[in-house]
Amino acid sequence: MNIEKPTSAETETLNLASRNGWPDDLRVLLERYPREQWQGHANLGGMASFWLQRHAMFRELSGMIGTIMAQFRSGEIPAADFPRQLVPRLQFLLEQLGAHHQIEDVHYFPVFRAADERLARGFDVLEGDHHHIHGDIDRTVETANALLRALSGSDADALTRCGDDYAGASGTLIKGLMRHLDDEEDLIVPLILERGEDALGVGH
């Protein structure tokens, strides 16, 4: 049982772990439309609602994957059950991220970048995040497959080492993904609330 790598373009990555939200110049619309005002806003249309639901799914799956690994390492999930619980969820997350990022890079980011030049740098950062995240995905796939192979062997030290490697790689991926999702929402949703989906050309 193996996890396949989603395909992604190769480009320079950004150090996602060093960012802690947006600087003031990219928070101009967020200050006007803070998160507590998003739900129920008249301009939060079908595109934004669906997109936020996808982000919620990524967060939920990431939490489940982290819990599965923690329970495996603590002995709550037996080795025989671990692949069955981990692989389909991790595979689905990685595949969906690949498709989601491609749609954003090709369709949405160019529209949003052109809509407000004050935010253009933020969309460059978000696009860079995607490449950074896909590098983390590659490492997660490699370490997950090594762990799955170690499960079928008899070397306890190798299993521990592979478990540590996978936990580190997947932890880095999930941490960066959570930062990215928050920052992406903080840039895009206020822009949609300011302009409206139809005016931006992204309405469904």
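Which residues in α3 meet which residues in α5? In this predicted model, the residues on the α3 side are Leu86, Leu90, Leu94, Leu97, His100, His101, Glu104, Phe109, Phe112 and Ala115, and their partners in α5 are Tyr166, Leu173, Leu177, His180, Glu184, Ile188, Leu191, Ile192 and Arg195. By class, the contact of α3 with α5 has 13 nonpolar, 3 polar and 3 charged residues.

## Overall form and confidence

The secondary structure of the protein consists of 6 helices and 0 strands, and the order of the elements, read from the N terminus on, is α-α-α-α-α-α. Along its principal axes, the C-alpha trace spans about 60 × 35 × 25 Å.

The mean pLDDT of the protein is 91, and 92% of the residues reach 70 or more.

## How α3 packs on α5

Two packed helices are described by the angle between their axes and the distance between the axes. For α3 and α5, the angle is about 35 degrees and the axes lie 12 Å apart, while the crossing in which α3 passes α5 is left-handed.

## Helix α2 against α3

Helix α2 covers residues 46–74 and helix α3 covers residues 82–115; their axes come within 10 Å and cross at roughly 150 degrees. Because angles over 145 degrees count as roughly antiparallel, α2 is described as roughly antiparallel to α3.

The crossing in which α2 passes α3 is left-handed, and the residues of this contact divide into 18 nonpolar, 5 polar and 3 charged.

## Helix α2 against α5

The axes of α2 and α5 come within 11 Å and cross at roughly 160 degrees, which means that α2 is roughly antiparallel to α5. Here too the crossing is described by its hand, and α2 passes α5 in a left-handed one. Sorted by class, the residues in the contact of α2 with α5 are 16 nonpolar, 3 polar and 6 charged.

Side chains of opposite charge can pair when their charged atoms come close. In this model the count comes to 17 salt bridges, and one of them joins the side chains of glutamate 185 and arginine 59, with a distance of 3.0 Å from N to O.

What parts of the chain does this pair link? Glutamate 185 belongs to helix α5, which covers residues 156–195, whereas arginine 59 belongs to helix α2, and the two are 126 residues apart, so that the pair links distant parts of the chain.

Key. Residues numbered from 1 in each chain as written. Predicted model: local features only at pLDDT ≥ 70, side-chain atom pairs only at ≥ 80, totals over all residues. Heavy atoms only, no water. Axes fitted to C-alpha atoms, helices over the stretch in contact; angles between N-to-C directions. Helix = DSSP H or I, 4+ residues; strand = E, 2+ residues; numbered from the N terminus. Parallel < 35°, antiparallel > 145°, perpendicular 65-115°, else oblique. Left-handed = near helix turned anticlockwise from the far one by under 90°. Nonpolar A, V, L, I, M, F, W, Y, C, P; charged D, E, K, R; others polar. pLDDT = per-residue confidence, 0-100. Salt bridge = Lys/Arg side-chain N within 4 Å of Asp/Glu carboxyl O. Contact = heavy atoms within 4.5 Å.
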